[in-house]
Amino acid sequence: LNAAAGRAPRQHVRFLPGPAGDGGGATGLVAARVPVLAEHPLVRGPRFRRLKIGAGHRLDVKASGVFVLGIGHGNKLLTDLYNCHLTKVYTVGGLFGKATDDFSDTGKLVEKTTFDHITREKLERILAVIQGSNHKALLMYSNIDMKTQEAYELAVKGLIRPMGKSPPIITAIRCLQFALPEFQLEIHCLHETQQYLRKIVHEIGLELKSSAACTQVRRIRDGVFTLEDALLRTHWNLQSIQNAISDCQLKVKTELEKTLG
Amino acid sequence: RGAGAMWGALRGARRPPPPLCRGLAKPAGPQSVRQLREAEEAAPVFRYAGKAAKRKDRVFVWGFSYSGALGVPSFVKPDVGWKKPRRIQGTPYRLETEEKISSAACGYGFTLLSSNTTDITKVWGMGLNKDSQLGFQRSIRDRTKGYEYVLEPSPIPLPLEKPQQTRVLQVSCGRAHSLILTDSEGVFTMGNNSYGQCGRKVVEDETYSESHLIHQLKEFDSGVVQVVCGQDHSLFRTKKGAVYACGWGADGQTGLGHYNITSVPTKLRGDIAGVNIIQVSSYGDCCLAVSDEGDVFGWGNSEYLQLASVTETTQVNVPRHLPFKIGKIKEAACGGTGNIVLTEEGNVFVWGYGILGKGPNLTETAVPEMIPPSLFGWSDFNPDIRVAHVRCGLSQFAALTNRGELFVWGKNLRGCLGTGRMEDQYFPWRVTVPGEVVDVACGVDHMVSMVKSFT
């Protein structure tokens with residue numbers, strides 16, 4: 001940013017001593033436009049010394065995926081996006097047969113169990129029940145009076161969502177891959193932490209009368225930002241960032257208008 | 001100085017034992033990767049469920065408990081000091097049963113559970129027994145008297161000819177009478193017979209409490225495959241597709257063309273003559289029947305617009321075809337004031353009066369209205385969720401999906417919806433049951449469900 005050419009320094013008119021209009025060595029004042037010295041780069045220093053960068057929803061050390069940042073005035077949009085309470089989508093990988101103390105596969109081993117009795121059908125049943133009870137929690141924490149007609153209309157459209165603080169809620173969960181002992185789930189959730197998702201994997205293992213540990217948590221969508229909008233490590237340069245910001249501007253604006261009115 | 005001198009003298013006499021050469025104890029340092037891996041591989045493996053582990057069958061009950069209909073005596077009479085009497089069980093509570101229960105029915109304050117085993121005890125009953133709707137339950141204190149309230153699932157002795165071969169297929173309960181269907185010995189009826197609903201002649205001034213009488217019905221055109229109890233009448237569906245009825249008829253619910261009492265099961269005519277009926281339903285004073293071609297027929301009480309699509313009269317005593325253009329109908333259920341049908345595509349339609357399930361604004365309609373499938377969990381993410389069964393209580397509705405989830409809505413009388421709240425529910429709401437719900441029976445103020453565990 002600092003290497004980019006800044007705007008041209010202001011010019012002002014100074015009366016400098018110089019050779020006078022008529023010949024000879026007499027010195028007079030000549031009007032000349034010279035750049036203002038105070039705006040010389042060596043006087044002023046680099047233009048950008050600090051940038052205000054804010055982070056969106058947290059992503060912990062063992063997880064990976066889309067991480068939204070706001071720069072400068074964009075931080076105000078970050079709070080608005082937070083208040084929209086949009087769902088985030090994760091791919092969570094798990095491993096049957098092991099139970100660890102911090103629910104991930106790098107933790108201390110607590111117990112090893114067999115898992116040959118687990119089938120995809122049993123897993124899907126458990127996932128259906130998790131989805132059902134979380135759907136109920138979704139309706140309960142949205143703080144809408146269930147007896148009104150508008151609550152019914154919103155429930156039909158599926159638009160009931162908690163618009164305030166609430167415990168983590170999973171809006172949808174399904175199994176993408178199942179190859180014993182590994183499996184992969186796609187989880188759509190609200191107000192969650194990655195450790196909560198690892199705990200869900202552990203509890204799925206317990207419910208299936210075995211044990212499970214989480215191997216991978218990857219956020220693939222955060223509100224309107226998907227993997228396609230995310231910048232790779234190799235693209236962390238000014239041009240790509242500027243392109244990314246301009247691409248997402250319209251999406252963010254429409255989403256904010258739709259939700260917050 | 002004196003002590004030191006003493007110690008020195010002692011030291012001279014006997015040397016203290018040399019310290020054990022063990023070195024100082026050190027705390028365990030971080031283990032290397034190899035040590036951790038070896039410890040992990042050496043850890044024992046536990047087995048909690050084998051490959052052939054079967055899913056267990058369970059029964060869950062909820063609702064009003066003081067009548068004993070839930071079958072948990074400690075709710076009514078606590079057996080331990082710290083327990084308090086529980087008038088309403090708001091969420092599903094597991095009921096321990098000895099056998100796998102294949103059919104359950106909820107009456108007005110009592111419940112019947114039956115298993116299709118060949119053991120001697122096939123049917124259990126609990127709840128109100130003032131009209132011997134649970135048979136004669138001999139009191140332990142006084143061997144000549146019977147119990148008026150049965151708090152625990154108690155066996156009902158049936159006068160079977162071949163008790164170790166006959167199986168009980170289905171049970172059904174009405175206001176004060178019950179029907180038990182067997183595979184080879186016809187239908188057994190017990191309870192109140194003041195309107196002939198038990199299928200036998202009405203005896204004047206008969207006392208129904210503490211009665212040992214269980215009547216057996218065998219004369220039908222073919223084997224009976226379904227029995228249904230309305231409030232004070234009984235319906236029987238035979239294998240050939242005919243429907244028989246007996247009992248109270250003042251609302252035309254017997255469908256026999258008159259408004260009198262019928263004490264012998266008589267075949268129904270009207271629009272269902274010659275039609276192969278595959279399902280009959282009733283709980284109050286209105287009845288619905290579904291034919292194999294997907295048509296629905298109704299008769300009985302129509303004060304709440306249940307049959308207003310074909311007639312203005314409030315009592316219909318002959319089965320009439322209800323010409324609804326909603327698709328081929330698979331299953332129908334009748335409540336006290338509202339009716340519900342399920343079509344082949346898996347859509348649910350309601351009509352009648354009361355809390356129908358489409359919000360507080362829809363209180364009555366004569367034409368079926370569809371309940372949007374998104375309320376049952378259908379969405380773009382789960383497009384193959386379908387409603388598999390529908391059931392009715394007196395003023396409640398229940399729907400079971402193909403994923404084993406139970407949705408209830410209607411008037412929450414004494415906590416019978418099982419949602420955990422006491423408010424009425426105006427649109428389908430999920431009941432959290434720890435298992436896959438296979439079947440549910442709805443009563444006036446309680447419900448019973450048969451559930452399979454997950455794994």
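Modeller: A salt bridge here is a side-chain nitrogen of Lys or Arg within 4 Å of a carboxyl oxygen of Asp or Glu. The model is a predicted one.

Colleague: How many salt bridges does a search of the whole structure find?

Modeller: The search runs over all chains. Its total is 28 salt bridges.

Colleague: Which residue forms a salt bridge with Glu39(A), and which parts does the pair tie together?

Modeller: The closest N and O atoms of the pair are 2.8 Å apart, and the cut-off is 4 Å. Glu39(A) sits in the loop between strand S2 (27-35) and helix H1 (41-44) of chain A, and its partner in the segment before strand S1 (11-19) of chain A, so the pair ties together parts that are 29 residues apart in sequence. The partner is Arg10(A).

Colleague: How many salt bridges are counted between chain A and chain B, and which residue of chain A meets Glu40(B) in one?

Modeller: Between the two chains the count is 3 salt bridges. With Glu40(B), the N to O distance is 3.6 Å, and the cut-off is 4 Å. The residue of chain A is Lys98(A).

Colleague: Which element gives the most to the side of chain A that touches chain B?

Modeller: The rule finds 11 residue pairs in polar contact across this interface. Elements of chain A that each supply at least two residues to its side include strand S8 (109-113), helix H3 (120-141) and helix H4 (149-157). With 12 residues, the one that gives the most is H3(A).

Colleague: How much area do chain A and chain B bury between them?

Modeller: The size of an interface is often given as the accessible area lost when the parts come together. In this model 35 residues of chain A are in contact with 37 residues of chain B. Carbon and sulfur atoms carry 60% of the buried area, which is about 3,500 Å².

Colleague: Which residue of S1(B) is the bridge partner of Lys112(A)?

Modeller: S8(A) and strand S1 (residues 45-46) of chain B run parallel and are joined by 2 bridges. For Lys112(A), the partner in S1(B) is Val45(B).

Colleague: Where is Pro181(A), and what is omega for the bond that joins Leu180(A) to it?

Modeller: Most peptide bonds are trans. Pro181(A) is in the loop between S9 and S10 of chain A. The bond joining Leu180(A) and Pro181(A) is cis, with omega about 0°.

Note on methods
Residues numbered from 1 in each chain as written. Chains lettered and ligands numbered in written order. Predicted model: local features only at pLDDT ≥ 70, side-chain atom pairs only at ≥ 80, totals over all residues. Heavy atoms only, no water. Contact = heavy atoms within 4.5 Å. Buried area = accessible area lost by both parts, 1.4 Å probe. Polar contact = N/O pair within 3.5 Å; in protein donor to acceptor, adjacent residues only side chain to side chain. Helix = DSSP H or I, 4+ residues; strand = E, 2+ residues; numbered from the N terminus. Pairing = 2+ DSSP bridges.
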